[in-house]
Amino acid sequence: MEEGARARELDVAVRVVQMACSLCQRVQSGLVGRNREQIKVKEDDSPVTVADWGVQAVVSLLLSECFGGENVSILAEEDAHTLSRKDATTLLESVISTVNECLSEAPKYGLKCPPKHLGAQDILDAINSCNSSGGSKGRFWVLDPVDGTLGFVRGDQYAVALALIEDGEVILGVLGCPNYPMKKEWLNYHQRYYRLMTTLSPPSGSWHKGCVMYACKGSGEAWMQPLVHDFGEYDQQSSARMIRVSSISDPAFATFCEPVEKANSSHSFTAGLAHNVGLRKQPLRVHSMVKYAAIARGDAEIFMKFARAGYKEKIWDHAAGLVIIQEAGGVVTDAGGHPLDFSKGIYLEGLNRGIIACSGPLLHEKIINAVDASWDSSNL
Ligand SMILES: Nc1ncnc2c1ncn2[C@@H]1O[C@H](COP(=O)(O)OS(=O)(=O)O)[C@@H](OP(=O)(O)O)[C@H]1O
Ligand SMILES: [Mg+2]
Ligand SMILES: [Mg+2]
Ligand SMILES: [Mg+2]
C-alpha cells in the first residue's frame, strides 16, 4: 500500500513538473527581448517573474486537486505579496492568464484541471497556501518553482524542482530542466538554436527539448524522460531512461560545476581547491540545479558551492537534486562530509562551510580533504 502510494506521488509529481516546464518555456520565449515588465526584483536584489509565481500556483493547485487540499502541505520559495499590491495589476493579470492557459492543458498530462476559470483571488490563495514551515515531523512538499531565475531571464539554464520530505528525509525528487536536452551533445546546438529562434519567433515543435529527472529514496534508481506535451501520445516505458553517475574517479579527467555568479559561490576558493586536487578541466558554470542534474547523469563529476559567510542555504535549492544524485549512485554532503539536514525548517541549518556533490566516494573524499587543507588560509 505504502509503495503504491509512493509510486502515485512520484507519477503525479512528474506530470506536474512537466506541466510547469511547459509554462516556463512559454514565458521564457516571450521574455527574450520583450515583456521585461514580467520581471521584478526582490528585496535581496534577486529576480522573480511571472513564471516563478505561475509555477507555484499551478503546482499548488494540481497537487491539491490530485491528493486533496487537506492532505497537501507545501514549503515553497515565493509568496504573493508583490502580486497583491495595487500597482501590480498588469503583472497579476499576466500570472492569471499564464496559469489558466497552463491548467487547461492538464488533461493532456493525464491530470484533472480545476473545474472553472480561476480568478485573482484563487491564484493568490494558491501561491500563499504554500506556507509550510517544514520541520522534522510529518510530510511536506518542497518547491522551487524556478530555480536559477537569473538563468531563466537570461534565456539560459534553469530548473523546476519539486521534492517530498517525510520526517526530515527527502523521499522523492523531481527536477525539470527545460533547456537541458536528453543528450549533452545537443546542448551547444540547442543553446545557439534556442537563442536564434527566440529572437526571431517563439519556439515551436518537438526539437525544443529538455528533460525531467526523478528518483525515489532507497530505490537505487534515477530516471530521465524528455519534456512531453501530450502524455496520451507518450510511451513512458520506452522513452524514459535510467541515469547513472559518471565512473571517472581520476581528478585529471573530472569536470566540476559551480554557480555562474561569483556572488553566489567563491570562484577563487574553488579554483584553489581544483588546483590542489588535480582537476585540470575548466569549471562548468551553469545556473540552477541543472548542476545536480549534470552530476546525476554523468555529464560532470563534482559540484561545489561555497556561499559567502552568513548566507543560509534554503532547502528548496537542494532537496530534489540531492535525492536524484544519491539514487543515481553519487554522494552529497556539506563540506565537512556530513549529510544535509532537511529537518530544521526552510534553511539547511548547521551546514558546514559549503556543499559538495560527487559522482563517487573517492573524488568526494579528495575534495573534502582539500577543503580542510585550504580553508584556514582562505578569506571565507
Ligand atoms: N548570496 C547568495 N549566495 C548563495 N546563493 C544565493 C544567494 N542569493 C541567492 N542564492 C540562491 O542561489 C540560487 C541560484 O543558484 P545558482 O547556482 O543558479 O546561481 S547562479 O545563477 O548560477 O550564480 C537561487 O535560487 P533561485 O532564487 O531559485 O534562482 C537562490 O536561492
Ligand atoms: Mg533556487
Ligand atoms: Mg526560485
Ligand atoms: Mg529566487
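Which residues does Glu 77 touch, not counting residues up to four places away in sequence? In this predicted model, they are Asp 144, Pro 145 and Trp 316. Glu 77 itself sits in the loop between strand 3 (74–76) and helix 3. Glu 77 counts as buried because 23 C-beta neighbours lie inside 10 Å, and the cut-off for buried is 20 or more.

In an unreviewed entry, UniProt lists Glu 77, Asp 144, Asp 147 and Asp 317 under "binding site". These residues span 241 residues in sequence, yet no two of their C-alpha atoms are more than 9.4 Å apart, so they gather at one spot. Asp 317 is found in the loop between strand 12 (302–305) and helix 10 (319–327). Leaving aside neighbours within four places in sequence, Asp 317 is in contact with Asp 144 and Asp 147. Asp 317 is buried, with 21 other C-beta atoms within 10 Å.

Next comes the ligand. Ligand 1 is surrounded by 19 residues, of which the closest are Gly 148, Pro 259, Val 260, Glu 261 and Ala 307. By class, this shell has six nonpolar, seven polar and six charged residues. Domain 1 (2–242) and domain 2 (251–375) each contribute at least three residues to the shell. Strand 4 (139–147) and helix 5 (149–153) each supply at least two, and helix 5, with three residues, gives the largest share.

Gly 119 is placed in the loop between helix 3 (89–103) and helix 4 (120–128). Gly 119 counts as exposed because 11 C-beta neighbours lie inside 10 Å, and the cut-off for exposed is 12 or fewer.

Note on methods
Residues numbered from 1 in each chain as written. Chains lettered and ligands numbered in written order. Predicted model: local features only at pLDDT ≥ 70, side-chain atom pairs only at ≥ 80, totals over all residues. Helix = DSSP H or I, 4+ residues; strand = E, 2+ residues; numbered from the N terminus. Near = placed C-beta within 6 Å. Nonpolar A, V, L, I, M, F, W, Y, C, P; charged D, E, K, R; others polar. Domains from an automatic or database assignment. UniProt positions renumbered as here; feature names shortened; annotations may be inferred. Contact = placed C-beta atoms within 7 Å.
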